[in-house]
Amino acid sequence: MSHFVSLAVYHISVHFWAFARRERQAIMILDIRPLLRGEVKSIAIDYMLTPEPVYGVCFDGDAHVEGAVKDNSGYMRLKLKTTLTYHGECARCLTEVGGVFEIDFERTVVNEGVLTEAQLEDNVDEYVIIKDGMLDIDEQLKEEVLLGFPTKILCSEDCPGLCPKCGKPLRDGDCGCPKKEIDPRLAVLATLLDKNDDNK
Ligand SMILES: [Zn+2]
Ligand SMILES: [Zn+2]
């Protein structure tokens, strides 16, 4: 029941957030026409993108998108690096962790109508499309960040989690709890073995 409630609250907050963001969202629409006309060989890109929310993670501000679209004799290539600072709890031990998430985004830039629908559908991750001389990559970039972001954030890859008995983080050392659940019928035997050890 409590799980259901928290899920419902999350959905409401996401809706509200999406609505609130629509007002102030910085949209990046890049004017590619100077490149198409051959006036420049490359256009630099540097802006802040508001990422889609990721459950259980807080982003410390917007994502920084940096890179360029370059023209190599008619073959246009977009290369971007997106950097996003985040914090949240380790999925295993609940320790507060933070970090910088980085993802590369590279696409071939083509004019609308150059490729068929089928070609585009077969190569969704390969192209970005210029429409009326403009390039709008925000949605594709946001999706890339969302798909690339780790589904679980961990304090370290080998985080051993929490002691199931006392709840202490196991990486802090031995909490003193018995390592194995001992069958009460065997407890007597364990005591005998302990005594035997003492006698050595
Ligand atoms: Zn951990
Ligand atoms: Zn313990």
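# A guided tour, starting at a hairpin

Start by selecting strands S7 and S8: together they form a hairpin with two residues between them, and in its turn Asp-132 has a positive phi of about 50 degrees. Strands here are DSSP runs (E, at least two residues), helices are DSSP runs too (H or I, at least four), and both are numbered from the N terminus.

Before going on, a word about what is on your screen. This is a predicted model, in which local features need pLDDT of at least 70, side-chain atom pairs count only at pLDDT 80 or more, and totals for chains, interfaces and linings use all residues. Residues are numbered from 1 along each chain as its sequence is written, while chains are lettered from A and ligands numbered from 1 in the order in which they are written.

**Stop 1: the hairpin and its partner**

Stay with Asp-132, in the loop between S7 and S8. Is Asp-132 buried or exposed? Asp-132 counts as exposed because 8 other C-beta atoms lie within 10 Å. The cut-offs are these: buried takes 20 or more other C-beta atoms within 10 Å of the residue's own, exposed 12 or fewer, and partly exposed falls in between, with C-beta atoms placed from the backbone.

S6 pairs with S7 (residues 127-131) in the parallel sense over four bridges, whereas S7 and S8 (residues 134-136) pair in the antiparallel sense over two bridges. Strands count as paired if DSSP finds at least two bridges between them. Click on Ile-130 in S7: Asn-111 stands opposite, and in S8 the bridge partner of Ile-130 is Leu-135.

**Stop 2: along S6 to Val-100**

Next, select Val-100, also found in strand S6. Val-100 counts as exposed because it has 10 C-beta neighbours inside 10 Å. Not counting residues up to four places away in sequence, Val-100 touches Thr-83 and Thr-85; a contact means C-beta atoms, placed from the backbone, within 7 Å.

**Stop 3: the core**

Which residues touch the most other members of the largest nonpolar core? Among them are Ile-32, Val-65, Val-109 and Leu-141, in a core of 17 residues. Strands S4 (63-72) and S5 (75-89) and helix H4 (138-148) each give two or more residues to this core, and S5 gives the largest share, five residues. Such a core is a set of buried Ala, Val, Leu, Ile, Met, Phe, Trp, Tyr and Cys residues joined through C-beta atoms within 7 Å.

Zoom in on Leu-141. Leaving aside neighbours within four places in sequence, Leu-141 is in contact with Leu-49, Val-65, Thr-82 and Phe-105.

**Stop 4: the loop between S4 and S5**

Select Ser-73, in the loop between S4 and S5. Ser-73 has a positive phi near 50 degrees, and it is exposed because 7 other C-beta atoms lie within 10 Å.

**Last stop: colour by confidence**

Finally, colour the chain by pLDDT, the predictor's confidence in each residue, from 0 to 100. The mean for the chain is 82, and 76% of its residues reach 70 or more. Over residues 1-25 the pLDDT is below 50. Where pLDDT is low, the predicted coordinates should not be read in detail.

How values were computed: Contact = placed C-beta atoms within 7 Å.
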